[in-house]
Amino acid sequence: MKTIKIKNSNKEITIGKIVCVGRNYAEHVQELGNTIPEKPVVFLKPVSSVIYSGDEIVCPAFSNDMHHESELVLLIGENIKNADLEISENAITGYGIGLDMTLRDVQSELKKKGHPWTIAKCFDTSTVLSEFIEKSAYQLSLDETISLKVNDEFRQKDQLNKMLFKPAEIVQYISTLMTLEKGDLIFTGTPKGVSKVVSGDKLVAQLDGLIKLECSVR
Ligand code: ZN
């Protein structure tokens with residue numbers, strides 16, 4: 001069992017499942033040579049892959065090309081299924097930043113074979129989470145900027161309003177595929193600028209001045 005912490009409070013929430021969408025920023029879709037999807041691309045990450053700000057990311061021996069993907073993460077606060085947009089928006093109760101660490105070399109091979117991305121996305125330490133802010137304390141406008149620095153240099157920096165599918169639309173769509181439950185997390189896709197990290201790199205992701213995540217690669 002793993003939990004997330006709410007910033008400036010003692011609250012801890014047990015993580016349910018982690019649902020991710022891919023290809024949600026046009027320029028990132030283009031940098032990987034993919035096509036813009038009509039519906040969000042959806043995949044899962046296991047809770048066992050979760051680490052937190054301050055922890056170390058470990059690249060497995062079967063990859064030589066681990067990429068960072070910095071993403072806005074939504075916290076789901078109630079159980080919903082086949083929800084409309086309003087219910088979907090109301091089901092989002094908090095926001096965090098996450099790193100969806102990805103083995104790009106492994107993923108490329110899996111894509112060629114038409115296989116699921118599991119081996120590229122689910123390894124231990126592949127999901128890094130910040131503290132979360134509650135929606136009751138901060139209402140996201142999507143004018144916020146998500147950024148990621150590696151060793152003090154910006155690699156990713158984009159406004160959230162570049163998302164092709166907005167948070168409520170993502171939640172609405174996923175709720176037609178599976179029940180979303182209190183404590184579930186949703187990764188909303190990464191902006192352009194994904195790149196390789198190696199041992200010793202220090203990663204700092206931020207959502208404006210609201211939330212910050214820091215970790216290093218072992
Ligand atoms: Zn991702």
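Q: Ala, Val, Leu, Ile, Met, Phe, Trp, Tyr, Cys and Pro count as nonpolar, Asp, Glu, Lys and Arg as charged, and the others, Gly among them, as polar. By class, what does the lining of the largest cavity have?
A: This is a predicted model. In it, the lining of the largest cavity has five nonpolar, six polar and seven charged residues.

Q: Which residues lie nearest the centre of the largest cavity?
A: Gly22, Arg23, His28, Glu69 and Trp117 do, out of 18 lining residues. By the class definition, Trp counts as nonpolar, Arg and Glu as charged, and Gly as polar.

Q: What makes this space a cavity?
A: A cavity is a set of grid points where a 1.4 Å probe fits but cannot get out. The structure holds one cavity of 30 Å³ or more, and the largest cavity has a volume of about 120 Å³.

Q: Which elements give two or more residues to the lining of the largest cavity?
A: They are S3, helix H1 (26–31) and H3. H3 gives the most, with three residues.

Q: Why is isoleucine 76 called buried?
A: Its relative accessible area is 1%, and buried means under 20%, so isoleucine 76 counts as buried. Isoleucine 76 lies in strand S8.

Q: Which residues does isoleucine 76 touch, not counting those up to four places away in sequence?
A: Isoleucine 76 touches Ala91, Thr93, Val171, Leu180, Glu181, Lys182, Gly183, Asp184 and Ile186. Its C-alpha atom is separated by 30 Å from that of leucine 110, 34 residues apart along the chain.

Q: Why is asparagine 82 called exposed?
A: Exposed means over 50% relative accessible area, and asparagine 82 has 52%, so it counts as exposed. Asparagine 82 lies in the loop between S8 and H2. Its phi is positive, about 45°, although it is not a glycine.

Q: Why is asparagine 151 called partly exposed?
A: Asparagine 151 has a relative accessible area of 41%. Buried is under 20% and exposed over 50%, so asparagine 151 falls in between. Asparagine 151 is found in the loop between S13 and strand S14 (153–159), and its phi, near 50°, is positive in a residue other than glycine.

Q: What makes a set of residues a nonpolar core?
A: The members are buried nonpolar residues joined through side-chain atoms within 4.5 Å. The largest such core has 46 residues, of which Ile57, Leu99, Met101, Leu160, Ile186, Leu203 and Leu207 touch the most other members. Among the elements that give two or more residues to this core are strand S9 (92–100), helix H5 (167–177) and strand S17 (211–217). Another core, of 14 residues, lies apart from it and includes Ile4, Ile6, Leu75 and Phe132.

Q: Which residues of H5 are buried, and what covers them?
A: The buried residues of H5 are Pro167, Ala168, Ile170, Val171, Tyr173, Ile174 and Ser175. Their cover includes S3, strand S4 (41–45), S8, helix H2 (85–91), S9 and strand S15 (185–187).

Terms used:
Residues are numbered from 1 along each chain as its sequence is written. This is a predicted model: local features need pLDDT of at least 70, side-chain atom pairs count only at pLDDT 80 or more; totals for chains, interfaces and linings use all residues. Side-chain values use heavy atoms; hydrogens and water are left out. Buried means under 20% relative accessible area, exposed over 50%, partly exposed in between (1.4 Å probe, protein chains only). Helices (H or I, at least four residues) and strands (E, at least two) are DSSP runs, numbered from the N terminus. Contact means heavy atoms within 4.5 Å. On a 1 Å grid over the protein atoms alone, a cavity is a set of points where a 1.4 Å probe fits but cannot get out, and a pocket is an open set with protein on both sides within 12 Å along at least five of seven lines; lining residues have an atom within 4 Å of a point. Grid points are joined across faces, edges and corners, and a volume is the space filled by probe spheres set on the points.
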